[in-house]
Amino acid sequence: MNDINKQFYNYLWAYVLVALSGCLGNVVDGIIVGNLISADGVSAINLSKPINQFIFTLHLLINAGAGMLVGYALGQKDIPLARRYFSFSLTLSVGIGLLLALFGGVFFIDATTRLLCSNELILPLARDYAQVLLLGNPAFILMWGLSTMVGVDGQPKLVSVAVIIDNVVNLCLDIVFIQWFDWGITGSSAATVVGHLVGIAILLTHWRKPEHRRLQWSLANFQSSILKKIISQGAPLAVASISLTLLLLSANRIVLSTLGQAGIFAFAVCMNLLQVYNLFLSGTCQTLQSLGAIQVGRRDAEGLRIVMRKSFRFITVAMAVTCLFVWFDPEAIAALFGADHPDYIAETDDALRIFALSFIPFCYIYVLMIVYKLYGHHHMALFISFALSLTVIPVMWVISKQVPGLLWYSYLIAYLLEVIIIFALHRLLHLRFTIS
């Protein structure tokens with residue numbers, strides 16, 4: 001038990017540092033753009049987030065699923081199998097990333113941007129930002145993929161160092177590219193890509209030492225069943241992510257058409273608030289997924305329960321602190337992102353308080369999805385993946401048509417409905433949390 005406690009906090013704080021760096025990178029990125037460019041620049045970044053989320057979906061489908069399989073294989077001391085999962089996942093993810101860069105960033109960039117933004121004033125900013133994002137997406141996927149594999153291979157601290165330096169480089173280059181080189185919002189996305197390239201270089205140092213070479217790139221003895229297993233493992237997380245992509249796209253369009261530029265700015269700030277929640281959620285889920293998978297591979301039921309208890313305890317405390325912080329002074333948060341118009345500040349004030357509460361059930365549901373996956377309840381995990389985001393879309397659409405003044409409550413209502421549905425299905429299907 002003491003060994004698991006030590007491992008849990010080693011993984012947790014390393015992954016929290018990774019998430020903290022990512023959170024600060026995204027949030028400070030928005031603050032820099034809001035103050036050096038305009039509040040509409042913050043909106044343009046938020047309107048482009050479905051692209052970022054789609055890229056992250058590809059990572060989850062391939063690398064996150066493979067990461068769990070690598071964890072199982074390492075727990076069973078099957079190094080050759082772990083290497084096959086590792087090699088195929090990275091090769092596939094980079095190949096798909098290059099295709100996305102070509103088609104999305106070159107051939108269909110105008111159509112893609114029109115899909116994201118219907119406001120002619122914000123459209124040029126969104127296009128400039130999204131194009132560099134798409135062209136640099138292979139660096140995104142490889143950075144996230146290597147982070148997953150290096151962490152599972154026992155070096156979460158190196159992952160934290162790589163991601164922290166990645167984001168430091170990003171933020172420094174934000175100012176250099178935007179203000180000194182006068183690249184505007186294009187400089188913001190270019191800085192992100194360069195930061196990821198630096199992070200990749202740091203992660204590759206994992207293979208300098210012989211004892212860290214359990215995972216090596218090789219496609220020898222490749223079996224077609226590997227792809228099926230990787231996709232099967234990553235599907236629930238990827239479905240949750242693609243659903244979130246659809247949610248971001250739909251929500252952006254609904255908010256923009258219902259509440260205008262002030263509303264889309266408020267929604268952009270709320271999505272930055274979600275980054276703060278993701279700081280703790282990502283650290284918790286990656287710890288639960290990596291360390292939990294190893295316990296499953298060892299068939300250590302008690303060890304898995306300890307990891308789960310600690311995960312839920314940590315996320316509860318973290319969410320309570322975050323929620324209290326937001327409720328204390330939401331107007332200051334709006335001003336931090338460059339809001340200087342009374343309408344922008346007032347709209348953001350209302351939205352932030354409600355979203356601070358809405359993300360609490362979201363975090364619990366997401367952690368619970370990982371738990372179902374670890375215990376082999378794949379269909380339930382897949383259902384939660386769909387429900388996490390797709391439930392919000394119809395709720396938001398109905399409220400926008402019937403009571404637009406209550407639009408910000410859409411997320412809270414939808415997530416509370418999901419909690420009730422998940423509880424009912426668990427009882428109806430007689431599910432048990434036992435290692436199969």
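Visitor: What should I know before I start?

Guide: It's a predicted model, where local features need pLDDT of at least 70 and side-chain atom pairs count only at pLDDT 80 or more, while totals for chains, interfaces and linings use all residues. Residues are numbered from 1 along each chain, and side-chain values use heavy atoms, with hydrogens and water left out.

Visitor: How many residues of H3 are buried?

Guide: Helices are DSSP runs (H or I, at least four residues), numbered from the N terminus. Buried means under 20% relative accessible area, exposed over 50%, partly exposed in between (1.4 Å probe, protein chains only). In H3, 23 of the 27 residues are buried, so the rest of the structure largely encloses this helix.

Visitor: Where is the kink in H3 centred?

Guide: A bend is the angle between axes fitted to the seven residues ending at a residue and the seven starting there. Here the kink is about 35°, centred on Leu60. Just after H3, Lys77 has a positive phi of about 60°.

Visitor: Which helix gives the nonpolar patch its largest share?

Guide: Helix H4 (residues 79-107), with five residues. Phe108 is also one of the patch residues; it sits in the loop between H4 and helix H5 (109-116). With a relative accessible area of 48%, Phe108 is partly exposed.

Visitor: What separates the C-alpha atoms of Ser225 and Phe325?

Guide: They are 48 Å apart, for residues 100 apart along the chain. Ser225 belongs to helix H10 (residues 225-298) and is partly exposed at 33% relative accessibility.

Key. Helices (H or I, at least four residues) and strands (E, at least two) are DSSP runs, numbered from the N terminus. Patches are made of residues with over 30% relative accessible area and no salt bridge: like charges are joined within 9 Å, nonpolar side chains (Val, Leu, Ile, Met, Phe, Trp, Tyr) within 5 Å. Accessible areas come from the Shrake-Rupley method with a 1.4 Å probe; for residues, only the protein chains shown count as cover. A salt bridge is a side-chain nitrogen of Lys or Arg within 4 Å of a carboxyl oxygen of Asp or Glu.
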